[in-house]
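Please keep the sequence and the structure in view while reading.

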Amino acid sequence: MRMALIGFAIGTACLQWQAALPSLPAMAWAFGLLLVLLLVWRYIAHRVPPVVRGVMALAAGCVAGFFWAAWLAQRALAPELALADEGRDVRIVGTVDNLPYKFSQGVRFNFAVERADGALPPKIALSWYSGYRDQVAEVPDIQPGERWQLTVRLQRPHGNANPYNFDYEAWLLEQGLRATGYVRVARDNQRLDSFVVSAGNVIEHSRAVLRQRILDALPGKPYAGVIVALVVGDQRGIDQSDWQVFNRTGIGHLISISGLHITMVAGLFALAAFTLWRCSFFTRAQLPLLLPAQKVAALVGASVALLYVLLAGFGVPAQRTLYMLMVVAAALWCNRLISVSHVLCTALGVVLVIDPWAVLWPGFWLSFSAVAVILYATVGRTVPVTHAPPDGNDPAAPHMPIPPTYRERFLLALRVGAHTQYAVTLGLVPLTMLLFGQVSVVSPLANAVAIPLISLVVTPLALIGSMLPAMLAAPVLGLAHWLVELLAQCLQWFSAMRYAVWNAPQPPFWLFCWAMFGTIWLLAPRGWPVRWLGLATWIPLLAAEPTHPATGRMTVTAFDVGQGMALLIETSGHRLLYDTGPAYSPESNAGNRVIVPYLRARGINALDGMIVSHSDADHSGGALSVLDGVRTGWVLSSLSPQHAIAQAARQHVHCAAGQRWRWDGVDFEILHPQPGSYASHALKANARSCTLKLTAGGKSILLAGDIEAEQEAQLLARDANRLPADVLVAPHHGSGTSSTYAFLQAVKPQLALFLVGYRNRYRHPKLEVVERYRQLGITGLRTDQSGAITLEFGDSITTSAYRRDTARYWR
């Protein structure tokens with residue numbers, strides 16, 4: 001059974017790597033093959049060695065997992081927004097399907113469609129903005145379960161596609177959201193019903209009520225979002241700066257309804273039920289004679305865990321704990337003993353049967369791996385027991401165990417807890433490096449403080465306070481918040497340590513497997529030979545250096561940041577960032593969402609320089625986040641010295657034509673603007689875009705920022721002989737005011753990059769501009785269609801596109 005469930009997980013994971021789903025005939029053949037395997041298993045299982053039986057069970061599980069996930073994927077992809085319905089106003093009627101998230105510009109929520117003008121997916125994600133483009137309107141108070149009539153504008157699921165970044169399209173598929181959009185200003189937008197009764201709506205409404213009670217009791221408190229996360233699992237109210245501290249100290253797993261919290265709450269209720277039921281024996285009821293107290297405790301614990309997980313939003317760590325508790329409760333009710341490995345594998349199988357996309361997220365692997373490491377490092381390990389001396393002088397008298405004192409119990413619990421923390425910390429190092437490219441060095445110390453405080457004190461206070469009347473809730477929740485505030489101050493001190501986090505490039509899978517083998521050796525039972533040698537397998541994992549081009553060569557990565565521009569230029573010993581993409585919201589931008597995660601995953605901890613071509617938000621929106629997250633040598637820009645980016649830079653210099661330098665055999669040259677242009681206050685920001693030409697191995701690329709026709713003409717008149725380049729980043733994203741015919745003829749590129757957002761409001765690149773490039777025989781690549789684009793310059797230019805090279809069936 002365990003091998004079959006492990007095989008099921010392997011098959012499910014393999015499906016998520018496929019560029020296309022298997023056809024229906026292939027699925028039918030696979031189903032037939034599975035039936036044959038099961039029939040063969042039935043007749044020969046008792047005749048073959050256990051190893052063969054295990055291999056057969058593993059193979060059957062792989063086939064079943066692969067095609068079960070494929071069938072669910074076919075069903076999930078079936079509801080689709082028609083191309084003709086993208087970008088047009090559609091009137092819909094439906095209900096608010098989840099806990100809405102309020103932010104500074106409006107509110108986001110999922111919407112279950114009941115009626116629509118046309119065929120729409122049954123579930124969509126909507127945003128309602130207070131001000132969007134030409135719209136200005138007050139956003140109403142949206143609550144779960146309400147029925148609304150709305151006029152919306154939709155598009156198909158689409159997200160930025162970059163290496164080492166969050167896959168928004170996969171997340172939408174997992175949530176069953178097959179279209180996204182926003183609410184238009186319309187007179188007929190109206191609430192039709194205040195609440196529509198259904199099981200899901202009742203749960204979401206309960207979560208909303210609890211969240212509001214907490215926020216009302218903690219108005220303006222900085223860590224109210226943490227208390228909300230511990231009670232209802234909604235982490236969206238926690239600031240990004242706080243998340244950075246939590247992740248650097250390795251306690252991010254506690255800032256949610258985790259398995260530890262669910263087990264604790266379920267255990268408390270189970271203990272209370274067990275005590276009350278057993279004590280009823282001394283009353284006339286004598287309930288234990290009707291039903292054993294252990295079974296009542298198991299039922300109560302599993303029921304409370306289910307309720308708590310529903311309030312948590314049914315996250316993967318919470319699911320894993322719930323299913324494990326339910327398996328144990330079912331085994332107890334059926335009077336069957338069951339091993340912990342069976343419990344873990346059963347929980348694994350149930351999670352993937354319900355949600356095969358769970359394997360795409362780090363939380364799934366961390367959750368199950370942490371439990372597996374704990375079981376491997378603790379189950380079956382002996383604990384010394386103190387024995388009493390034999391009675392009298394009879395050597396044959398038995399040694400009777402002495403019941404441990406409270407002090408001994410405390411020391412034993414402390415020893416077991418320390419050993420468990422030690423095992424988890426070491427056991428998850430290879431996996432953490434594989435998933436994030438970093439490991440928290442201060443995590444053991446931070447968790448030693450945070451785990452007992454959050455699990456045993458803050459979470460119970462938060463739960464109790466959220467249930468109490470408002471008068472009593474305020475002091476209880478206030479105490480919980482004060483404790484979190486104290487913890488946050490401690491964590492900030494840990495996080496500020498220079499070596500709080502060890503960074504290295506995310507390793508290849510074979511290196512992860514080698515390090516994991518060494519970790520298993522390291523955590524083996526006492527007496528295993530030279531266990532410390534397991535640490536040697538970590539050396540190539542932790543000491544790896546970022547990859548880089550050879551001398552005289554260059555790599556350029558154009559990030560998919562939506563409607564904006566950001567490119568990373570790498571030589572053998574230096575790295576330069578040209579532009580930093582747009583700002584998406586006051587808290588989110590291309591710097592902290594795309595660029596910094598990419599650099600950290602690559603193990604790049606410093607940039608030699610950054611060029612911010614001009615002040616437009618789609619080019620400079622992520623600069624402050626990059627400067628805050630990555631050590632940057634200097635900033636070259638056309639910004640005023642008073643600009644926030646110039647003030648934050650360690651060294652800021654204006655870009656000007658004639659500036660040039662050479663790094664590792666690669667030439668860098670600024671072609672625009674002229675130094676005298678900074679004296680004119682009438683010029684638009686676009687007119688002063690820093691224009692950079694790079695040459696490596698006889699091949700070159702021209703980065704023109706947002707220059708327009710007038711600046712193109714100036715370059716032609718002044719430096720026409722310097723313009724020819726093999727690759728051109730289309731000026732101003734391919735707008736109608738740039739890429740003049742004369743300019744393109746002078747540059748004569750073979751390849752043009754259009755850094756644009758999917759269905760952007762400016763309709764870049766313009767059709768007439770794309771046609772102009774095509775007439776001149778210039779191949780065009782667009783980030784909204786190709787994702788991140790990587791160019792390797794040497795004797796020739798090698799091009800790779802992220803969406804093409806890592807194709808997945810949902811993209």
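Two residues are in contact when heavy atoms lie within 4.5 Å. The model discussed here is predicted, and among its contacts between residues at least 6 apart in sequence, 69% join residues at least 24 apart.

**The chain as a whole**

- The secondary structure of the protein chain comes to 27 helices and 26 strands.
- For 811 residues, a compact globule would have a radius of gyration near 28 Å, and the value for this protein chain, 30 Å, agrees with that.
- Along its principal axes, the C-alpha trace of the protein chain spans about 110 × 70 × 60 Å.

**Surface and burial**

- Of the 811 residues in the protein chain, 49% count as buried, a label that stands for a relative accessible area under 20%.
- The accessible surface of the protein chain comes to about 38500 Å², and 62% of this area belongs to carbon and sulfur atoms.

**Aromatic pairs**

- A pair of aromatic rings is described by two quantities, namely the distance of the centres and the angle of the planes.
- Rings of Phe, Tyr and Trp are paired if their centres lie within 6.5 Å, and by this rule the count comes to 25 aromatic pairs.
- The rings of Y168 and W171 have their centres 6.1 Å apart and their planes at 15°, and because planes under 30 degrees apart count as stacked, this pair is stacked.
- Y168 and W171 both belong to helix α4, which covers residues 168-174, and because they are three residues apart there, about one helical turn separates them.
- Y168 is partly exposed, with a relative accessible area of 31%, and W171 also counts as partly exposed, at 30% relative accessibility.
- W243 and F246 form an aromatic pair that is edge-to-face, with 6.0 Å from centre to centre and 85° between the planes.
- W243 and F246 lie in helix α7, which covers residues 240-248, and since they are three residues apart in this helix, they too are separated by about one helical turn.
- Both W243 and F246 are buried, whereas Y168 is partly exposed, as is W171.

**Other ring arrangements**

- W514, F517, W521 and W528 together form one aromatic cluster.
- R108 lies over the face of F103, at 4.1 Å from the ring centre.

Note on methods. Residues are numbered from 1 along each chain as its sequence is written. This is a predicted model: local features need pLDDT of at least 70, side-chain atom pairs count only at pLDDT 80 or more; totals for chains, interfaces and linings use all residues. Side-chain values use heavy atoms; hydrogens and water are left out. Rings of Phe, Tyr and Trp (its six-membered ring) pair if their centres lie within 6.5 Å; planes under 30 degrees apart count as stacked, over 60 as edge-to-face and the rest as tilted. Helices (H or I, at least four residues) and strands (E, at least two) are DSSP runs, numbered from the N terminus. Buried means under 20% relative accessible area, exposed over 50%, partly exposed in between (1.4 Å probe, protein chains only). A charge sits over a ring if NZ of Lys or CZ of Arg is within 6 Å of the ring centre and within 35 degrees of the ring normal. The radius of gyration is taken over C-alpha atoms; the globule rule is 2.2 Å times the number of residues to the power 0.38. Accessible areas come from the Shrake-Rupley method with a 1.4 Å probe; for residues, only the protein chains shown count as cover.
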